[in-house]
Amino acid sequence: MFSETIIILINKLAARIERQSVIKMYSTYESILNNEEDFNNFARASFDVLDKDDNEFIEAKEFELGVYTFLNEAGLEPPPREELRTLFKLSDENKDGKFSFEEYCNLLRNEDFQESMYLSFESILFENMMLP
């Protein structure tokens, strides 16, 4: 279920993005994951943006608002709220209704999440004959 939700979300995003942007976005994400310092900087910066009340947690509403704001600013249609809520619930390891920084990092590092991103981007590029 986790992988399916991620694939749906990524497909909705990537289907609206041009070829070079898709390739650049994935390769940038992949390089961040492979460099501990870059990953920590990326994770902290994105966590801080989502943590609107600066309490060192990302509540479900903050997560939804952050994703919706990002997608709207990028001119992309956000996924249904229920899909975001499902992703949040699946990633909330201790089921307290919020992400700690550690839980957020675990989501970003989750193998299913990473594989889903890779498969989704690969699928989108292939389906649209965008492979380099």
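User: What makes a residue count as buried here?

Analyst: Buried means under 20% relative accessible area, exposed means over 50%, and partly exposed lies in between, using a 1.4 Å probe and protein chains only. By that rule, 36% of the 132 residues of the protein chain count as buried.

User: What kind of model is this?

Analyst: This is a predicted model, where local features need pLDDT of at least 70 and side-chain atom pairs need 80 or more, while totals for chains, interfaces and linings use all residues. Residues are numbered from 1 along each chain as its sequence is written, and side-chain values use heavy atoms, with hydrogens and water left out.

User: How many helices and strands are there, and what makes a stretch count as one?

Analyst: Both are DSSP runs numbered from the N terminus: helices are H or I with at least four residues, and strands are E with at least two. The protein chain has 7 helices and 2 strands. Along the sequence they follow the pattern α-α-α-β-α-α-β-α-α.

User: Why are H3 and H6 called oblique?

Analyst: Start with the angle. Axes are lines fitted to C-alpha atoms, for helices over the stretch in contact, and angles run from 0 to 180 degrees between N-to-C directions. The axes of H3 (residues 36–50) and H6 (residues 101–109) cross at roughly 120 degrees and come within 10 Å. Under 35 degrees is roughly parallel, over 145 roughly antiparallel, 65 to 115 roughly perpendicular, and the rest oblique. H3 and H6 are therefore oblique to each other.

User: Which residues of H3 and H6 meet, and what counts as a contact?

Analyst: Contact means heavy atoms within 4.5 Å. In H3, the residues that meet H6 include Phe39, Phe42, Phe47 and Leu50. Among their partners in H6 are Phe101, Tyr104 and Leu108. By class, this contact has 9 nonpolar, 2 polar and 3 charged residues. Ala, Val, Leu, Ile, Met, Phe, Trp, Tyr, Cys and Pro count as nonpolar, Asp, Glu, Lys and Arg as charged, and the others, Gly among them, as polar.

User: How do you know that Asp54 is exposed?

Analyst: Check the value against the cut-off. Asp54 has 63% relative accessibility, so Asp54 counts as exposed. Asp54 lies in the loop between H3 and strand E1 (58–59). Phi of Asp54 is near 55 degrees, a positive value in a residue other than glycine.

User: What makes Lys95 exposed, and where is Lys95 found?

Analyst: Lys95 has a relative accessible area of 58%, so Lys95 is exposed. Lys95 sits in the loop between helix H5 (81–91) and strand E2 (98–99). Lys95 is not a glycine, yet its phi is positive, about 55 degrees.
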